[in-house]
Amino acid sequence: RAQKAGYDGVEIHGAHGYILGQFLSPQYNQRSDAYGGSMTHRWRLIVDILKGVRAVCGPQFLVGLRLSPERFGIVLSECLALCRKVIDDGLVDFLDVSLWDVFKRPVDAPEDAPSLLQHFADLERGEVRLTVAGKISTARHVQRVLDQGVDFVSIGRAGILHHDFAQRVLSDPHFEPISLPVRRAYLAQEGLGEAFIDYMTRWKGFVAD
């Protein structure tokens, strides 16, 4: 449907505890069939979906995969193994890794351990592009991420706060997003609809009362 509508590609969402992420998790996936148990069985559904998109939409249609390597029962080493699998098998054109905070170390890692970001930046990717997300809100943050070998960045909160975030960052290396919380009228001015603004009120400290 996306291809017929004129889109260049799609991203398969396997992050943030949604259903595909639940299949990946040894904590939540308690199935005893071909889609549960071992690591390769738990990632089978995602692999099947990626293969299906490739088969239906062809090799020129861009396909990405979003993963989150921590929380929701996900194991970092398994997430990295899945990344290597989909890269080696030619199933994706880009990986989108949601890190919650791009500069943090893995949970329970020693202070001298590589950052969570570096674990993914160090992957042998060939032509596969890598993007990451997680508290990237300034031009300085963007440059730090790119300097570590990431191909491009994904923006969440800063893009919600500023519809023209990319242009602001490109034109001003000292740009800082507006301070939180913000009022509903400000978010409407930035292009958010009422339903989206209602949703944002569930994010602690984001929308002023």
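I looked up helix H6 (residues 139-147) and found Ala 139, His 141, Val 142 and Val 145 buried (under 20% relative accessible area with a 1.4 Å probe, protein chains only; exposed is over 50%, partly exposed in between). These residues lie on the same side of H6 because they cover an arc of only 160 degrees around the axis, the arc being that of the directions from the helix axis to the C-beta atoms.

I noted that the model is predicted, that local features need pLDDT of at least 70 and side-chain atom pairs pLDDT 80 or more, and that totals for chains, interfaces and linings use all residues. Residues are numbered from 1 along each chain as its sequence is written, and side-chain values use heavy atoms, with hydrogens and water left out.

I took helices (H or I, at least four residues) and strands (E, at least two) as DSSP runs numbered from the N terminus. I then listed the packing partners of the buried H6 residues: helix H5 (116-121), strand E4 (129-133), strand E5 (152-153) and helix H8 (165-171), with contact meaning heavy atoms within 4.5 Å. Just after H6, I recorded a positive phi of about 100 degrees at Gly 149.

Gly 58 follows H3 and has a positive phi, near 90 degrees.
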